[in-house]
Amino acid sequence: MFELTDTQRMIEQAVRMFAEKEIAPHLEKLESGEMLPYEILKKFGKQMGFAGQVKGSFSKREGKDEGEKPATTAGALPGGIDPMIPAIVFKEISRVSPGFCMALVATLGCATAISQQGTEEQRERFAYPVFTMEKVGCWALTETTSGSDAFGSMRARARIDGDHFVLAGQKTFISNAPFADVMLIYARLETGGDEKPPVRAFVLERGDPDLTTGAPMPKMGMWDSPTGEIFMDEVRVPRDRILGPQPEDAGSSRKGDAKGTLQHERAVMPAMCLGIIERCVEESVKFAKEREAFGQTIAGYQLIQDKLARMNVSLENARNLIFKLVWMQKKGKLDDKTASTAKLYCSQEAVRVALDAIQIMGGSGYMREAPVEKLMRDAKMFEIGGGTSEIQTLTIAREMLK
């Protein structure tokens with residue numbers, strides 16, 4: 001249970017080679033915005049054979065009831081794919097660039113949600129080209145006044161107007177939003193008479209009239225993951241853009257679908273954090289063995305050894321949590337407590353380990369040319385995005401006290 005199979009190790013090596021060859025040399029341009037991640041993502045999708053895997057998954061649904069949802073794993077690929085595979089992919093890419101990986105995760109998260117909740121036509125039209133990286137996707141829940149309270153304070157609205165829905169509102173801090181082709185938007189559907197209208201998901205496309213996006217937002221880290229705002233000024237879309245049943249047939253909120261996708265996002269992030277921790281440990285050990293001070297390598301000093309030992313404990317704990325997450329996903333037992341526990345621990349340790357790596361490397365680690373400098377900047381997002389550490393703590397306690 002705690003070791004990768006030979007096939008999984010081959011995939012691990014293949015993704016590591018891709019990240020080092022195709023992503024690492026372009027990090028400066030990616031972080032400056034001179035280069036966008038999407039052409040590299042498309043190349044990655046082709047090399048990993050996403051098209052064949054996803055198409056095969058979709059074809060297996062022929063003859064099944066429309067109401068049946070396709071199997072999905074870890075917010076990534078559908079169709080019975082071993083959930084360890086996306087965990088390996090996200091971990092390996094995050095060793096080089098968590099920001100680049102976030103662009104990948106946002107695209108796959110959009111496609112997964114559509115695949116889970118949509119009709120066959122919606123899956124073919126919207127999910128498939130996003131899964132294969134031919135189109136860029138984003139998943140939009142957060143608003144300026146509703147971060148942690150995403151559902152309770154949601155202001156985005158949709159209303160029925162004949163054969164169309166009309167959407168109005170704003171979403172912010174959305175990964176891939178400035179360049180997304182397909183946007184999954186959550187809004188309250190006003191059906192009349194509801195004190196708090198139900199939350200439903202709608203698929204919008206770049207080019208829809210009165211739909212605009214802002215420029216990439218400057219931020220502390222994840223510079224190579226374009227983040228921005230989405231503006232809906234009475235956007236009219238056909239009835240077939242809503243996910244799930246039509247309002248006349250629904251009768252209830254689909255908030256649970258959004259929460260399910262959010263749970264998957266929280267299950268994905270620990271693997272990305274593991275990539276940060278793993279790379280920081282490797283860089284720190286290497287530096288400690290080579291750097292000399294006062295006549296010996298700094299590896300000989302107990303304060304350095306203490307840091308390295310604690311970093312290794314974090315590495316082992318994070319790795320074990322990933323294996324547990326994967327096991328629970330395989331068994332269909334993933335729950336909020338486990339997902340939040342893994343995200344809380346791994347995100348906090350990714351930040352601490354990255355800071356310790358910089359401390360061990362001193363001035364060398366503080367310089368932009370050191371990989372640990374970028375990893376530290378990127379790591380902080382995991383304590384905020386997908387639900388803050390405080391929200392994870394409350395979720396864990398709530399589940400414990402049920």
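Tutor: Aspartate 210 has a relative accessibility of 46%, so it counts as partly exposed; here buried means under 20% relative accessible area, exposed means over 50%, and partly exposed is in between, with a 1.4 Å probe and protein chains only. The model is predicted, so local features need a pLDDT of at least 70 and side-chain atom pairs count only at pLDDT 80 or more, while totals for chains, interfaces and linings use all residues. Residues are numbered from 1 along each chain as its sequence is written, and side-chain values use heavy atoms, with hydrogens and water left out.

Aspartate 210 lies in the loop between β5 and β6 (211-213), where helices (H or I, at least four residues) and strands (E, at least two) are DSSP runs numbered from the N terminus. Although aspartate 210 is not a glycine, its phi is positive, at about 70 degrees. Phenylalanine 173 also has a positive phi without being a glycine, at about 60 degrees, but this residue lies in strand β3 and counts as exposed, because its relative accessibility is 57%.

Rings of Phe, Tyr and Trp (its six-membered ring) pair if their centres lie within 6.5 Å, and planes under 30 degrees apart count as stacked, over 60 as edge-to-face and the rest as tilted. One of these pairs is formed by phenylalanine 18 and phenylalanine 44, which is tilted, with 5.0 Å from centre to centre and 55 degrees between the planes. Phenylalanine 18 belongs to helix α1 (residues 6-23) and phenylalanine 44 to helix α3 (residues 38-47), so that this pair links distant parts of the chain, 26 residues apart. Phenylalanine 18 is buried, with a relative accessible area of 6%, and phenylalanine 44 is buried too, at 0%.

In a further pair, the rings of phenylalanine 165 and phenylalanine 202 have centres 5.2 Å apart and planes at 70 degrees, so it is edge-to-face. Phenylalanine 165 lies in strand β3 (residues 164-175) and phenylalanine 202 in strand β5 (residues 199-205), so the pair ties together parts that are 37 residues apart in sequence. With a relative accessibility of 0%, phenylalanine 165 counts as buried, and phenylalanine 202 is likewise buried at 0%. The ring of phenylalanine 165 also has the charged end of arginine 239 sitting over it, 5.4 Å from its centre; a charge sits over a ring if NZ of Lys or CZ of Arg is within 6 Å of the ring centre and within 35 degrees of the ring normal.

The side chain of arginine 377 meets that of glutamate 373 in a salt bridge of 2.8 Å, N to O, where a salt bridge is a side-chain nitrogen of Lys or Arg within 4 Å of a carboxyl oxygen of Asp or Glu. Both residues lie in helix α13, four residues apart, about one turn of the helix. An α-helix has 3.6 residues a turn, so residues three or four places apart point the same way. Arginine 377 and glutamate 373 are both buried. Elsewhere, salt bridges that share partners join Glu12, Arg16, Lys91, Glu92, Arg95, Glu278, Glu282, Glu316 and Arg319 into one network.

Helix α13 (residues 371-379) also holds aspartate 378, which counts as buried at 0% relative accessibility. The side chain of aspartate 378 reaches the backbone nitrogen of methionine 222 at 2.6 Å. This is a polar contact: a pair of N or O atoms within 3.5 Å, where within protein one must be able to donate a hydrogen and the other to accept it, and residues adjacent in sequence count only if both atoms are side-chain atoms. Leaving aside neighbours within four places in sequence, aspartate 378 is in contact with Pro98, Gly99, Gly221, Met222, Trp223 and Asp224, contact meaning heavy atoms within 4.5 Å. Eight of the nine residues of α13 are buried, so this helix is largely enclosed by the rest of the structure.
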